[in-house]
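Please look through the chain below before reading on, with the sequence and the 3D view side by side.

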Amino acid sequence: MKENAPNLIGQSVARIEDPELLTGKGSFAADNNRPGQVHMRVLRSPVAFGRLNAVEVDVARALPGVVAVWTAEDIADLPQIDFRMTKVQGLGPYRQWCLARDYVRYVGDPIAVVFAETEYLAEDACDLIFPDIDELDPQLDPVAEPSAYMPDIMPGVLSEPAVLHKALGDVDAVFATATEVIELELSVGRHSGIPLETRGALGVYDTASDTITMYGAAKVPHYNRGAIAEMLRLPLDKVQMSEGHVGGGFGPRGELYPEDVLVCHACRRLGRPVKWIEDRREHFLATNHSRDQHYRLKAAIDERGVIQALDAEFFTDQGAYVRTHGATVSDLAAALLPGPYLVPNYRVAGHIRLTNKTPCGTYRAPGRYESTFARERLIDAIAARKGLDPFEIRARNLIPEECIPYDRGIEALGTHVVYDSGKYHDLLARLRERLDWDGLTASIAARRATGERVGLGIGYFVEKSGLGPDDKVRLHFYPDGLICVVTGVANIGQGVETAMAQICAGTLGLPMEGISILHGQTRLIDQGRGAFATRVTVMTGSAIKLAAEALIEQALDLAAGKLGLPRGELRYRAGQVWHADGPTVSLRDLAAEFGPEDGLVTEGTFNSDHMTYPYGIHFAQVRLDPGTCGIHLERYLVAFDVGRAINPMLVEGQIVGAVAQGIGGALYEEFVYDAMGQPLATSFADYLMPTALEIPDVEVMIREDAPSPLNPLGAKGAGEGGITAVGAAIASAVEDAIGRPGVVDRLPITPQRVARWMQD
């Protein structure tokens, strides 16, 4: 009897994606080329808001080497870009056209596109186009009263597409008899993912099959395929998406943008391959921004500092249009604002406001990075009011283990928010012990006595992951022993191929060698949800486990017939079906006999109508330089319960990378605009990002104390929790160093703001 290979689920195996990338064999969007291709360049609005009277393109069209120039009139048959996921009604009028019509609404709004023989000619031709725009005063403040959206085109339509309301309990009654009330006003600045690779696409039209293929797809290839087919009024099978390597996703990359549609439309209409690669300035101007929320919180607390009711209002600066994410950011912010705390009475109004800035979308932990900062600032304010340390105030408010699963009584993304599993008090206690909190605070006090400005802070978070409704995979076992898993998921750098191969190998009791994961190719599988909302491990991983188990069942059935033995007497182990009396048959033999071409083929579909909820705590220790007001991160630690870690090394890598991004948003990164809506950060000279010098060694405590009961792996996603509470923890530590409770009320925490807080 052959023994199983070591179960690789839970092991820190090296990424199987890396050899290609490390040896220079990776293929990114800009690496895609076809003979005879033309290059697309976008002319973008130079003003934030204005009436677009005309676009003069005759001179550009006459330039030798220019193949075509399009304005909105040339693509009048293309509809607005629709939403990928939102259940909020009334957002339709605020969708973006592929090219601006009647009005331009932000600096960077696409006005025209040029197709030329070289990228240089295309850019030269753009310089020859003159857009006739009557500039208008822009709306830049999302908290100000809503203004007219497009006067005279949409009379009466204001710049507030929706207000999201969620409520639980009787908030007014609690406030009427509250022991104490605490109020805060807080803001999180505008920043985004800024991946190493900018956006890009190559559209290729095959005349014989009348099929468009777009190379350079990312994140949600199947959705984008369907959306483009619908916009171009083509059958679904006439549009295909092909994903290559991706130089960073993080949310902004992979949504359906105007340029994606234009590339696909142009390659068919022009009969030539069309390539477009975004430059870095375009990326700053045109790719989704994120964050940019303003909170007003009011909490009723009892004499112990326990929250009895929370009344919240927030404003999301959505930018100029509502793009494919719809109301996702605001919906998640509203639903998860209470975090890991009981909060028996809760009311929130989330205003979605449009301004004349780059449209906003999702970015790693959308809505939760912002709401966690706001909530944890409130928790710290309560602690200061009651004279409690940051651990005690949280322990008094956390949801007890006996109350979990905990139904919030509200929805997020159309699913009920039910915390599936969790040991919140236990994790808090473990972190306190790991830090030696009493000894640490004593050492900090001693340093302060010598004049150092040092501080400690923590932030508790609850994340969401494993968004359904389903995921499907197809598993091929070939006669030579090779295994191929075909899935509609996308790999945006998170180690999909490695983790999925581990799950397949672990379920079958086989080594990972010989297992390949094919993803992001719409030709190969009829459905796929892609990679977003930290869903891949939970949804795709569970589907792979089911497909592998189906393969084992199929093998047992086939072996019973082949060996002439009762099926109930057969067992499977490590690629072999065996019987106690000795006869065995291998998966290879069965694949050769019963499936000589495609081998043995099974499918697995995992369905889920509830998300999973990983949780964790961030800890930050900072030192302020009193001369420069610079902030030095001396220590950073993340304690994170992921239910079950398929590959702890990948989980740790996800956490550390996410912390780095969170530090950027907490201390450095911010898109700012002048009074006329001109962006002031359109290069890395003005948009500051942390480097390796600013990122401390991040300590990671991966816990598996609360596996999810909602999937066969017990897993919860780990892709976003490393960023969620960074702003909250650093704000708490900086405020502790300044020594003025309640002073840190916005992110990023710049030296100028620190100086003002210290001087005040």
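This is a predicted model: local features need pLDDT of at least 70, side-chain atom pairs count only at pLDDT 80 or more; totals for chains, interfaces and linings use all residues.

1. A place to begin is the pair formed by helix H9 (residues 368-386) and helix H18 (residues 726-738), which pack at an angle of about 35° with their axes 7 Å apart. The crossing of H9 past H18 is right-handed. On the H9 side the contact is made by Tyr-369, Thr-372, Phe-373, Glu-376, Arg-377 and Asp-380, while H18 contributes Val-726, Gly-727, Ala-728, Ala-731, Ser-732 and Glu-735. Sorted by class, this contact has five nonpolar, three polar and four charged residues.

2. Side chains of opposite charge can pair when their charged atoms come close, and the structure holds 61 salt bridges. One of them joins Asp-471 to Arg-535, with the closest N and O atoms 3.1 Å apart. Asp-471 sits in strand E19 (residues 470-477) and Arg-535 in the loop between strand E21 (515-519) and helix H14 (536-563), so this pair ties together parts that are 64 residues apart in sequence. Both Asp-471 and Arg-535 are buried.

3. Another salt bridge links Glu-593 with Lys-562, where the closest N and O atoms are 2.7 Å apart. Because Glu-593 lies in helix H15 (residues 587-594) and Lys-562 in helix H14, the pair ties together parts that are 31 residues apart in sequence. Glu-593 is partly exposed, at a relative accessible area of 44%, and Lys-562 is also partly exposed, with a value of 38%.

4. Two further items concern charged side chains. Asp-705 forms a salt bridge with Arg-703, the closest N and O atoms being 2.9 Å apart, and Arg-703 is partly exposed with a relative accessible area of 21%. Elsewhere, a network of salt bridges links Arg-41, Arg-44, Glu-123, Arg-199, Glu-259, Glu-278, Asp-279 and Glu-282.

5. Helix H8 (residues 328-336) is mostly covered, since nine of its nine residues are buried under the cut-off of 20% relative accessible area. Among these buried residues of H8 are Thr-328, Ser-330 and Asp-331, together with Val-329, Leu-332 and Ala-333.

6. Two cis peptide bonds deserve a look in the 3D view. The bond joining Ile-404 and Pro-405 is cis, with omega about 10°, and Pro-405 lies in the loop between helix H10 (390-397) and strand E16 (406-412). The bond joining Leu-747 and Pro-748 is also cis, with omega about 0°, and Pro-748 lies in the loop between strand E29 (746-747) and helix H19 (751-759).

7. Positive phi values complete the list. Phe-250, a residue other than glycine, has a positive phi near 70°; Phe-250 lies in the loop between strand E11 (239-243) and helix H6 (258-270) and counts as partly exposed at 28% relative accessibility. Asp-292 has a positive phi near 55°, is placed in strand E13 (residues 290-301), and counts as buried at 13% relative accessibility.

How values were computed
Residues are numbered from 1 along each chain as its sequence is written. Side-chain values use heavy atoms; hydrogens and water are left out. Axes are lines fitted to C-alpha atoms, for helices over the stretch in contact, and angles run from 0 to 180 degrees between N-to-C directions. Helices (H or I, at least four residues) and strands (E, at least two) are DSSP runs, numbered from the N terminus. A crossing is left-handed if the near helix is turned anticlockwise from the far one by less than a right angle, and right-handed if clockwise. Contact means heavy atoms within 4.5 Å. Ala, Val, Leu, Ile, Met, Phe, Trp, Tyr, Cys and Pro count as nonpolar, Asp, Glu, Lys and Arg as charged, and the others, Gly among them, as polar. A salt bridge is a side-chain nitrogen of Lys or Arg within 4 Å of a carboxyl oxygen of Asp or Glu. Buried means under 20% relative accessible area, exposed over 50%, partly exposed in between (1.4 Å probe, protein chains only).
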